[in-house]
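Have the model open while you read.

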Number of protein chains: 2
Amino acid sequence: MALIVQKYGGTSVGNTERIKNVATRVAKYRAQGDQVVVVVSAMSGVTDNLIKLAKEIMPLPSEREMDMLLATGEQTTTALTAIALHALNVDAVSLTGAQAGIVTDGVHTKAKIQNITPKQVHDLLDSGKVVIVAGFQGQTPDGQITTLGRGGSDLTAIALAAALKADLCQIYTDVDGVYTADPRIVKTARKLPEIAYDEMLELASLGAKVMQSRSVEFAKKFGVIFEVRSSLNDNPGTIVKEETRSMEDVVIRGVSLDKNQAKVTLVGVPDRPGVAALTFKALADAAINVDMIVQNVSHGTGTPSTDISFTVDKPDLLKATRVIEALKPEIGLREVTADENIGKLSVVGVGMRSHSGVAAKVFETLAQNNVNIDMISTSEIKISVVIDLKRGEDAMRAVHAAFIG
Amino acid sequence: MALIVQKYGGTSVGNTERIKNVATRVAKYRAQGDQVVVVVSAMSGVTDNLIKLAKEIMPLPSEREMDMLLATGEQTTTALTAIALHALNVDAVSLTGAQAGIVTDGVHTKAKIQNITPKQVHDLLDSGKVVIVAGFQGQTPDGQITTLGRGGSDLTAIALAAALKADLCQIYTDVDGVYTADPRIVKTARKLPEIAYDEMLELASLGAKVMQSRSVEFAKKFGVIFEVRSSLNDNPGTIVKEETRSMEDVVIRGVSLDKNQAKVTLVGVPDRPGVAALTFKALADAAINVDMIVQNVSHGTGTPSTDISFTVDKPDLLKATRVIEALKPEIGLREVTADENIGKLSVVGVGMRSHSGVAAKVFETLAQNNVNIDMISTSEIKISVVIDLKRGEDAMRAVHAAFIG
């Protein structure tokens, strides 16, 4: 008998038929004798509709009231899920985040979980009930309803699993697990049986949209092992856990391609202190999120000058070039160029730490395939290169073939 | 400066435009310096839609889970109403029933309010905020969400007014107040400036669908004076309060006609003890609500026999006659007749207590208009007669003209 926390997202509970399917799955675990805590999101579309109503009244509604409003979405799903379990003769009870003992700080719409008092949930489990908890929400110590922001239901599930010392935490979604590459692009991509937290974090930040980084960070911090799996079938998913020695045997866990970035280059920047600070302060002030930054060594005689390149999300490109254009007189740079037609190819794996020559092999593979490299950036467990968008998918397949197969 | 509790029903908050109208009205009171507590229902249609979802999953869903589900409807309205007040630069905050300190027993879907801890609401009012409270809901001492059943939002408003010692409690609805008769039938009907609790209770039970009896009973018990008025205009409404001496100067407060009853007559019932008990026990066991009961004195020679007539809601008529037919052998009655074409005409007024001859005047008026009386039933402040449905509206106009004008 295990204590299992299962989380189902908005599409998995998108209508009453799907809620019944969730109940059937939960009932199967319960029939095996497992104790089950089910964390649910709002039915898909519900949250957007509530936001629309609020914005009909006021463009920028109070965050405290938005929490009050949006928290109803998950509460609705909990009740319907409990009813669906009753229909299968499974004893079940729904709880709001507050009732489940989830205490947060008071930062409305993006509250942080401060602690969880799991007594109520434990008591209900011990009395033989399945406990359905509203994801994405909690309450402050003085009883205000809060929500946890994007990916909040995953966070609820992982935090509850930690507080309850659950044996298993399953994140049900509409994909089968984490793959070595996007299977729609790389036909030979394989589902990973397991992946280290740090690898998952790099993939999350690289646009493999399985989970928000902060849920993975929370799991890592509290050592919660979780499984990402599909609510549409019974296939085993991908276990996300602390890095083990055997994981290092695999050099590369996955290859990803982010097509949503654009590149800005500052050409002929005078090589003097403070220029980079000025540039990126101005971008930060404009709330533009900068990803990769590359600066080459200075060259030329006379006043030495250099080039600085950085990448931003495509929708921010126009804003970013405007910010830089405005800085032109102050910095004295020669030219600003922008390029939307780039792809960021990344290879991720904790095995890189103990295997030398990974970067060389990436570059060599790209060269053999006549793919030119624009920018390079590396971390301990990741190598990213910016390349021509047109060659992105070819390059991805080639690198995947070279390392994984 | 007064402390005012205002309650707005489902149609008054039926969409975001109407919620803005509610906010405008609340803001006007606030601008006068009043402290305002606003109790809101779910937006019209929302509750029905939630019930539909639940019934898609299971025909008879758990009452505990229905409370969890339905409570989201009012919570949604509170947040939207608070946002609408913010849009008018009025400081406002929403509270669930639980947050407002409304503690109930554990009878889900028809919980009774046990007590209200109004400290939180008082503190928020004292800090200058308008407080928006979700109607229809509360929580048990151990934190389960409950709902109060039909008319629950009125009850929330009246109970809060009592607990807060409010100066005024306004029930906003889609009618202008309580009338001496239905103005669609009686053109000379007048809006009553005031009415006694007991008169309001009689009218409520007679089908004048302004409010549920139990909210009026609660107001009477705790001496909460409230006003029924329209959310569509600024007309003063009807004040409902304890009977005063001057109220007795008016003989008749109102005339009502209930077209939704049907009559069953047991003809030739042997006049022996236990027959009535047997009959009405059988009807109660079949969950049929019996309204008027009339038994004439026995007549005839040999075995004395009598007739018993009673009225039921029209939808229950078939069931009622079947129950009686089944009793026929046991009771030994001669015949059962049923009549759907009846109307129950009632006149209500505390003034009856001190004015003699009211019943006589009613009967006389009906006789002058050639309206035959089938059944008569009286209470201390009410006279009801069952008459031919076809003559119902004429009779109503005649009696209204005789007593009121």
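Which residues in α2(A) meet which residues in α3(A)? Keep in mind that this is a predicted model. From α2(A) come A:Val46, A:Thr47, A:Leu50 and A:Ala54, and they meet A:Met66, A:Leu69, A:Leu70, A:Gly73 and A:Thr76 in α3(A). Sorted by class, that contact has six nonpolar and three polar residues, with no charged ones.

Now for the geometry. The two helix axes come within 9 Å and cross at roughly 155°. Angles over 145 degrees count as roughly antiparallel, and α2(A) and α3(A) are therefore roughly antiparallel to each other. Their crossing is right-handed.

| α1(A) | 16-31 |

Overall, 28 residues of chain A are in contact with 28 residues of chain B. On the chain A side, α3(A) gives the largest share, 14 residues. That side divides into 15 nonpolar, 10 polar and three charged residues.

Finally, there's A:Glu335, in strand β17 (residues 335-339) of chain A. Is A:Glu335 buried or exposed? A:Glu335 has 11 other C-beta atoms within 10 Å, and 12 or fewer counts as exposed, so A:Glu335 is exposed. Setting aside neighbours within four places in sequence, A:Glu335 is in contact with A:Val267 and A:Gly268. A:Ala111 is 224 residues from A:Glu335 in sequence and 43 Å from A:Glu335 in space, C-alpha to C-alpha.

How values were computed: Residues are numbered from 1 along each chain as its sequence is written. Chains are lettered from A and ligands numbered from 1 in the order in which they are written. This is a predicted model: local features need pLDDT of at least 70, side-chain atom pairs count only at pLDDT 80 or more; totals for chains, interfaces and linings use all residues. Helices (H or I, at least four residues) and strands (E, at least two) are DSSP runs, numbered from the N terminus. A residue is buried if 20 or more other C-beta atoms lie within 10 Å of its own, exposed if 12 or fewer, and partly exposed in between; C-beta atoms are placed from the backbone. Two residues are in contact if their C-beta atoms, placed from the backbone, lie within 7 Å. Axes are lines fitted to C-alpha atoms, for helices over the stretch in contact, and angles run from 0 to 180 degrees between N-to-C directions. Angles under 35 degrees count as roughly parallel, over 145 as roughly antiparallel, 65 to 115 as roughly perpendicular and the rest as oblique. A crossing is left-handed if the near helix is turned anticlockwise from the far one by less than a right angle, and right-handed if clockwise. Ala, Val, Leu, Ile, Met, Phe, Trp, Tyr, Cys and Pro count as nonpolar, Asp, Glu, Lys and Arg as charged, and the others, Gly among them, as polar.
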